[in-house]
Amino acid sequence: MSKHHPARRPGDRPDERPAGPSRRRLLGAAGAAGAAGLVVGAAGGALGTAAATEPPADLASVGRGRVPFHGAHQPGIVQPAQAHGHLIAFDLAADAGRREAAALLRRWSRTAEALMAGETPPSRLHDTGIALDAGPSSLTVTFGFGRTFFDRTGLAARRPAALEPLPPFSSDALDPKRSDGDLWIQIGADDSLVAFHALRALQREADGTARVRWQMSGFNRSPGATADPRTARNLMGQIDGTNNPRQTDEDFERRVFVPSGGDPAWMAGGSYAVLRRIRMLLDDWERTPRDEQERVIGRRKSDGAPLSGGPGGTETTPVDLEKRNADGELAIAADAHVRVTAPETNGGAAMLRRSFSYHDGFRDDGAPDAGLLFIAWQADPLRGFVPVQRKLDRGDALSRFIRHEASALFAVPGGAGEGEYVGQRLLEG
Ligand SMILES: C=CC1=C(C)c2cc3[nH]c(cc4nc(cc5[nH]c(cc1n2)c(C)c5CCC(=O)O)C(CCC(=O)O)=C4C)c(C)c3C=C
Ligand SMILES: [Fe+2]
């Protein structure tokens with residue numbers, strides 16, 4: 001019987017507190033009223049006409065969400081994935097070393113703290129104004145170090161063993177230009193302008209110290225988009241994320257975060273992020289009958305209920321991998337994705353999946369360039385992603401509908417304390 005975790009709800013943001021009015025206060029009362037009009041206009045189409053026909057949007061509902069920057073863990077790991085995400089990797093400039101990297105992390109941390117509080121960036125740069133009239137919108141900014149960072153900064157002796165390159169998998173078709181990187185930032189927000197504003201501010205802060213290696217953007221369902229808020233769906237239409245570890249699980253911290261006293265000491269409270277850009281072969285998938293789609297995953301498409309749960313099952317019905325149908329066949333097929341990935345078939349290996357969907361237009365053959373920016377968080381990739389992906393590689397019914405196109409692994413240090421910057425314990429320890 002699979003340990004089951006009920007769905008996290010899109011509005012369920014336990015670690016957040018309402019934002020102060022700081023960035024919006026800049027506008028003054030008249031400006032704020034104008035901003036409210038803009039939100040209504042944007043939602044309804046033509047500015048002005050929509051305001052006359054639609055009730056005013058509750059500005060506070062999305063804009064108000066605020067995630068603290070300081071804490072034992074960095075933001076953007078345990079909070080539900082936001083509606084908009086940007087992932088960006090940098091390589092240090094040839095003449096940048098440990099000192100320049102430390103200064104960059106200090107600048108980035110200051111900027112992230114301000115933006116997450118809904119304030120303008122504190123840097124020497126002029127604010128672009130992109131988010132001037134918006135609240136923090138649950139913005140999170142998360143920083144990570146790639147394997148190559150440690151060589152470039154003379155810190156190879158302090159590189160975690162867990163940053164060993166991921167093994168090759170037979171299904172890999174990886175593009176090195178969109179893989180790896182010295183430094184990584186994950187940005188998420190429930191407003192697209194707030195998310196882009198953060199991306200641009202942080203990228204400009206890197207000027208002269210690091211250059212962009214690759215960047216990817218993704219999305220999830222917006223908060224408030226459905227009256228029936230189950231776990232969100234991916235671009236195959238499946239409810240995805242149901243059986244994630246939950247913060248209330250007794251072993252959650254141990255699975256996801258490096259303990260204090262762990263190795264290396266500077267990673268205490270940190271986690272390892274595995275990123276895989278996985279393109280979905282949507283033309284093939286959408287041609288596949290629904291009952292076959294459900295067999296591939298092992299769950300019903302409509303409501304995410306496991307195929308072992310019978311007609312009355314729901315998304316929260318525990319998965320029963322032993323269950324057989326009347327004809328003696330396994331209710332959840334031998335190669336169904338949920339069977340192959342379940343912790344009980346992988347020696348307990350588990351990870352926290354917090355992904356974004358992506359769509360980057362259409363390829364030359366007309367197929368959508370779309371899929372999943374799969375992000376898995378774990379205390380140790382060798383007891384999380386690696387064994388599960390090895391198993392998927394050997395026989396996952398989903399594999400004929402997906403292609404792994406880029407890959408990266410980052411050490412994401414613990415959260416910054418008050419007055420500290422992210423990574424300080426590595427860079428100044
Ligand atoms: C190596 C890890 C995994 C990769 C890569 C992966 C890709 C991938 N998954 C889906 C869709 C679903 N996955 C689901 C469950 C699930 N997937 C993984 C791991 C990887 N998935 C795990 C550990 C689990 C949970 C298993 C369990 O304990 O039951 C599901 C079912 C719903 C859920 O629990 O989330 C779906 C749907 C896609 C589309 C995809 C690549 C594009
Ligand atoms: Fe999966």
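The end C-alpha atoms of residues 231-415 lie 27 Å apart, and this span is 19% helix and 22% strand, where helices (H or I, at least four residues) and strands (E, at least two) are DSSP runs numbered from the N terminus. An unreviewed UniProt entry annotates residues 231-415 as "domain: Dyp-type peroxidase C-terminal"; UniProt positions are given in the numbering used here, feature names are shortened, and annotations may be inferred rather than shown by experiment.

This is a predicted model, in which local features need pLDDT of at least 70 and side-chain atom pairs count only at pLDDT 80 or more, while totals for chains, interfaces and linings use all residues. Residues are numbered from 1 along each chain as its sequence is written, and chains are lettered from A and ligands numbered from 1 in the order in which they are written.

The chain has 13 helices and eleven strands. Of its 429 residues, 46% are buried (20 or more other C-beta atoms lie within 10 Å of the residue's own; exposed means 12 or fewer, partly exposed in between, with C-beta atoms placed from the backbone).

The confidence of the predictor in each residue is given as pLDDT, from 0 to 100, and the chain averages 88, with 85% of the residues scoring at least 70.

| Element | Residues | Mean pLDDT |
|---|---|---|
| helix 2 (lowest) | residues 28-44 | 29 |
| strand 5 (highest) | residues 183-189 | 99 |

For the complex, the predictor gives an ipTM of 0.99 and a pTM of 0.89.

Around ligand 1 there are 27 residues, of which Gln238, Thr242, Asn243, Thr341 and Gln389 come nearest; a residue counts as near if its C-beta atom, placed from the backbone, lies within 6 Å of the molecule or strand. Two or more residues of this shell come from each of strand 7 (271-280), helix 11 (337-341), strand 10 (368-378) and helix 12 (385-395), and helix 12 gives the most, with four residues.

Helix 12 also has a buried side. Phe385, Val386, Val388, Gln389 and Leu392 are buried in helix 12, and they lie on the same side of helix 12 because they cover an arc of only 165° around the axis, the arc being that of the directions from the helix axis to the C-beta atoms. The exposed residues Arg394 and Gly395 are carried on the face of helix 12 turned away from its buried side. Strand 7, helix 11 and strand 10 are among what covers the buried residues of helix 12.

Key. Two residues are in contact if their C-beta atoms, placed from the backbone, lie within 7 Å.
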